[in-house]
Amino acid sequence: MALSVNQGFDLFLQQLTPTVGERDAKARHRRSVEASLQAAAFGVSLFRETGSFTHGTGVRGHCDVDLLTSIKASRPNSSDTALGWVKSALQASFPSTEVVIRRPTVQVRFAAGTETWEVLPAFLTFRGGDTSVYDIPGAAGGWMDSAPTAHLEYVNEVNQRPAAAGGAKKLARLAKAWKYYNNVPVSSFYLEMRAAQHMAGEPNFIAIWDICGLLEKLDGHQLAAMNDPKNKAGRFAACSSDATRQEALSKLRMGAIRARKALDAYHKDDHATAFTYLSLLFGGRFPSR
C-alpha cells in the first residue's frame with residue numbers, strides 16, 4: 001500500500017533521528033577533548049554540551065557534538081585570539097587529527113571527520129542574572145551573546161505544549177534536513193529557534209503544513225536576525241556573511257515554492273504530486289511512495 005503524505009513524514013522523521021551507535025561514536029572522545037583543554041594555560045571553569053545532540057534536534061549523519069568551554073582567563077579583545085588558544089591546545093593533544101577553526105567553533109575531526117567535536121570558547125558574563133550568559137565568537141567576527149540553558153529551555157517549553165507535543169523539535173529536524181540536503185549556508189541554531197518560534201503560535205503540528213509555513217515565513221522576512229525569545233542574549237543572525245545570506249535566500253525561495261506546491265497537492269489529495277515536490281524539497285531524501 002502506498003504511503004500517505006503524513007505516513008511519509010513519520011517515516012522520514014524516523015530516518016532523520018540519529019542512531020544510538022552514532023551517539024556513542026560522537027561521545028567517544030569527550031574525555032580526551034576535555035583533558036586537553038583543562039591542561040591548557042587559559043584554564044577552564046566548566047564544560048557544557050550544547051547544540052542539536054543535546055536539544056534532540058539533530059539529523060542523522062550531520063550531528064556534530066558541540067562543547068561550550070567556559071574559559072577562566074580574561075576575555076581577549078579579539079575572538080580570533082580565543083579561537084587560536086583553543087586550536088593550539090587541541091592541536092598539541094591531537095597532532096594526527098585535523099583541527100580547524102570554523103567560526104564560531106574549533107572543529108576536531110576525529111576518524112576523518114566522521115566523529116567531529118566542535119569546541120566553542122566562551123567567557124561568562126554577569127549580564128544574565130540567574131541565567132548564565134556568555135560572550136562567544138560571532139559567526140562573522142567579533143563577539144556575541146549566548147545563553148545556552150535559556151535557549152534549550154525555550155525549545156523544550158514550546159515542544160512540550162500539549163496541543164503540539166513534540167512539534168517544535170520535529171519541525172527543527174525537518175528544517176535542518178532541508179538545510180543539509182540542499183547545502184544551504186544558514187545557521188542550524190537559527191533554524192531551530194525559528195522552528196520553535198513558529199510552533200509557539202500553532203494549535204497543532206502537521207508536518208507538511210508547518211514546514212511550508214516555516215519556510216514561507218523565513219522567505220517573507222528574508223532571514224532577518226531574530227530577537228532572543230528569552231530576552232537573555234542579543235539577536236541571532238542567520239548567516240555568517242552577506243554572500244552566504246544571498247545564497248541561502250536563493251535556495252530558501254526555491255524551498256518555499258516546492259513546499260507550497262507539495263501542500264497544494266496534499267490539499268487536492270494528489271499524494272503522488274506531493275511526494276514529487278517533497279523529494280525535491282529534501283534533496284531526493286524524502287521516502288518514495
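Student: Is glutamine 222 buried, partly exposed or exposed?

Tutor: Start with the cut-offs: buried means under 20% relative accessible area, exposed over 50%, and partly exposed in between (1.4 Å probe, protein chains only). Glutamine 222 has 34% relative accessibility, so it counts as partly exposed. This is a predicted model, where local features need pLDDT of at least 70, side-chain atom pairs count only at pLDDT 80 or more, and totals for chains, interfaces and linings use all residues. Residues are numbered from 1 along each chain as its sequence is written, and side-chain values use heavy atoms, with hydrogens and water left out.

Student: Where is glutamine 222, and what is its phi?

Tutor: Glutamine 222 sits in the loop between α9 and α10. Helices are DSSP runs of H or I with at least four residues, strands are runs of E with at least two, and both are numbered from the N terminus. Most residues other than glycine have a negative phi. Glutamine 222 is not a glycine, yet its phi is positive, about 60°.

Student: What is the phi of aspartate 269, and where is that residue found?

Tutor: Aspartate 269, also not a glycine, has a positive phi of about 60°. Its place is the loop between α10 and α11 (271-281). Aspartate 269 has a relative accessible area of 62%, so it is exposed.

Student: Which peptide bond is cis?

Tutor: Most peptide bonds are trans. The bond from arginine 103 to proline 104 is cis, with omega near 5°. Proline 104 lies in the loop between β3 (98-102) and β4 (105-110).

Student: Back to the loop between α9 and α10. Is phenylalanine 236 buried or exposed?

Tutor: Phenylalanine 236 belongs to that loop. It is buried, because its relative accessibility is 2%.

Student: Which residues is phenylalanine 236 in contact with?

Tutor: Contact means heavy atoms within 4.5 Å. Leave aside neighbours within four places in sequence. Phenylalanine 236 then touches His151, Phe189, Tyr190, Met193, Ala225, Met226, Asn227, Asp228 and Pro229.

Student: And lysine 232: is it buried or partly exposed?

Tutor: Lysine 232 is in the loop between α9 and α10 too. Its relative accessible area is 31%, so lysine 232 is partly exposed. Now compare sequence with space. Lysine 232 and alanine 150 are 82 residues apart along the chain, and their C-alpha atoms are separated by 7.4 Å.

Student: How do α9 and α10 cross?

Tutor: Axes are lines fitted to C-alpha atoms, for helices over the stretch in contact, and angles run from 0 to 180 degrees between N-to-C directions. The axes of α9 (residues 207-220) and α10 (residues 242-267) come within 9 Å and cross at roughly 145°. Residues making the contact include Trp209 and Leu215 of α9, with Ala259 and Leu263 of α10 among the partners.

Student: What is the overall build of the chain?

Tutor: The protein chain has 11 helices and 7 strands. Its radius of gyration is taken over C-alpha atoms, and the globule rule is 2.2 Å times the number of residues to the power 0.38. The radius is 20 Å, close to the 19 Å from the rule for 289 residues, so the chain is as compact as a globular protein of that length. The C-alpha atoms fill a box of roughly 65 × 40 × 40 Å along the principal axes.

Student: How much of the chain is buried?

Tutor: Buried residues are 49% of the 289.
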